[in-house]
Amino acid sequence: MPYIIGLHSAASAFLSAGFATQFTVAVVICLVIVLATSSLQGDGEQAPKSLPGLHFFSIFPFFRQRHDFLKWGFDITGESIFQFQLMSNTVIVVSGASARQAFFYAKGFDLTEGFKILSGAIPMVRGVTSGLQTKRISTIHKRLAAVQKNASLSQLIPVILEDSRRILASYEASGTFDPFDKIYELIFQTTVRSLSSSEISDDAALVARLKTLYDRLDTGTTPATVLIPWFPTPAMIKKLWATKEIYDIIVRAINAREQSGISRNDTLQMLVESGDERLTIVGFIMGLLIAGARATGTTASWVITFLGGHADWRAKAKSEVEALLTAHSDPTAASLSCRLAEIPLEIWESQTPVLDAIIRETLRIAQPHTAMRRNLGPDVYINEKLIPSGSYVVYPFSDVHLDPEIYPDPWRFDPSREASKVDLAYVGWGVGKTTCLGTRLAKVELKLTTALFILGFDHEIVDKTGAAPEALPRPNWNDILLCRPPPGSCYVKYKRTDLAL
Ligand code: HEM
């Protein structure tokens, strides 16, 4: 990691310069870039309409209030496609059925390139999580497919359940918790288990450390760290350090495994035995943990929140799992988690229509994703508007998932909704050229943890006073990580059932 070490001295000098100097330097650099780039933008006839105002002011809302900002853009331009500048980058926002189709199927639209500039959440370690050659990315995807083959995924069922049991058993017999902390923490553990090594996942303190570091990457993502990632702001340095620490934890685990000569039954073993380069293995664990844990953790937190607010759906889900237990497990088994582990993978995947509908509806309302691409060329037209080669294109999932024409009363949680006949009316796991490559794993994690929780506990949603809230919490799409409702507005009140976890 020579570049990290090289930055060390520059970073130290910058940090010790004091806030006034740092601020002045940052502002001057930003203004120079803005002035240099603002002359580049112009609205040709075929170009999408531009947002009014100074380009500089688009940056902050795009990162901090994305949902409101994009909605404002459509409203103020009165168009279904508009553009704005993020420093020197042209970003085109598209919406509507035909644009959706074009966006997800356009040959030259590239996810990795789009994500790099517009997201910023992934730790950028050249050659490990960024700047990967296509070959390395495809190896990582191949290994992810291997983790989800029937035999491997089946082996993960008991360990995911055991991790969940251990964590849930540490809860008091009754109480309240914030689902966006506690359920996310549970899923972080099961995702680390599924994607890394038993040495890491058996060590609760190390998993907690990893979680803190990943949280630091997420919360440390400021407009500046995305747009001028080379500029050593304190936020950028913190991110860099967190990235380095994550990198070190993973490399230590690989070294320990290789040196011990002991073979274990986990994902790291599969990766090591595949003979991949070390950087590919580190890239697999580092990159997929961030892709997997956040999305699955957000979804699981919302599943538990929605079920806590919809007693009818909670009861339906509970009956479904109880029926599976009756049909596929030994009632004399020691615990609920052992009984759930007896239910075969194919049953979890094909005989849980209620859980499937709950997950699908949760993703529709509480996955604030904005798909991001870069047009690597050639120029294309969407609804007769030019998407030049080199520009960035984004498609907010709210365009389709919260469209009242497709989903009447769109904020209402209703897993019994019939599938819409509109083209690409549901994009929860991606469509077209890019679909989620971790879907099987994510769904299994969601079903196992939800099943254990709703049978092991009774629960409902309360507000900060402990009373039933006047209205159920509504996902906040401006929070691009967890879609979390305002802090303090939503807690889970729970009580253990008499089933031993
Ligand atoms: C509930 C959990 C998850 C949801 C809702 C979800 C959703 C998605 C969506 C919508 C996309 C497409 C994004 C786009 O078009 O811009 C995607 C891509 C992807 N997901 Fe997931 N995901 C989840 C969990 C996971 C997990 C657990 C992993 C890995 C272990 C994973 C790995 C990936 C990868 C590698 C891609 C990129 C595929 C490509 O480049 O072609 N996801 N996911």
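Predicted model: local features only at pLDDT ≥ 70, side-chain atom pairs only at ≥ 80, totals over all residues.

So, let's start with strand 3 (residues 89-94), which runs parallel to strand 9 and is joined to it by three bridges. Numbering starts from 1 along each chain as its sequence is written, and side-chain values use heavy atoms, with hydrogens and water left out.

Back to the strands: V91 has Y392 as its bridge partner in strand 9. Strand 6 (residues 370-375) also pairs with strand 9, antiparallel this time, over five bridges, and there M372 sits opposite V394.

Is strand 9 enclosed or open? Five of its five residues (392-396) are buried, so the rest of the structure largely encloses it; buried means under 20% relative accessible area, with a 1.4 Å probe and protein chains only. Y392, V394 and P396 cover one side, V393 and Y395 the other.Now over to helix 9 (residues 179-195), where we find L195. L195 counts as buried because its relative accessibility is 2%. L195 and T267 are 72 residues apart in sequence, yet 5.8 Å apart C-alpha to C-alpha.

Last stop, the iron. The ligand's iron atom has a single donor from the protein, C436 (SG), 2.3 Å away. Donors here are N, O and S atoms within 2.8 Å of the metal (3.2 Å for Na, K and Ca), and water is not among the atoms, so sites may look incomplete. C436 itself lies in the loop between strand 11 (434-435) and helix 21 (439-456).

Technical notes
Helix = DSSP H or I, 4+ residues; strand = E, 2+ residues; numbered from the N terminus. Buried < 20%, exposed > 50% of the residue type's maximum accessible area, 1.4 Å probe, protein only. Pairing = 2+ DSSP bridges.
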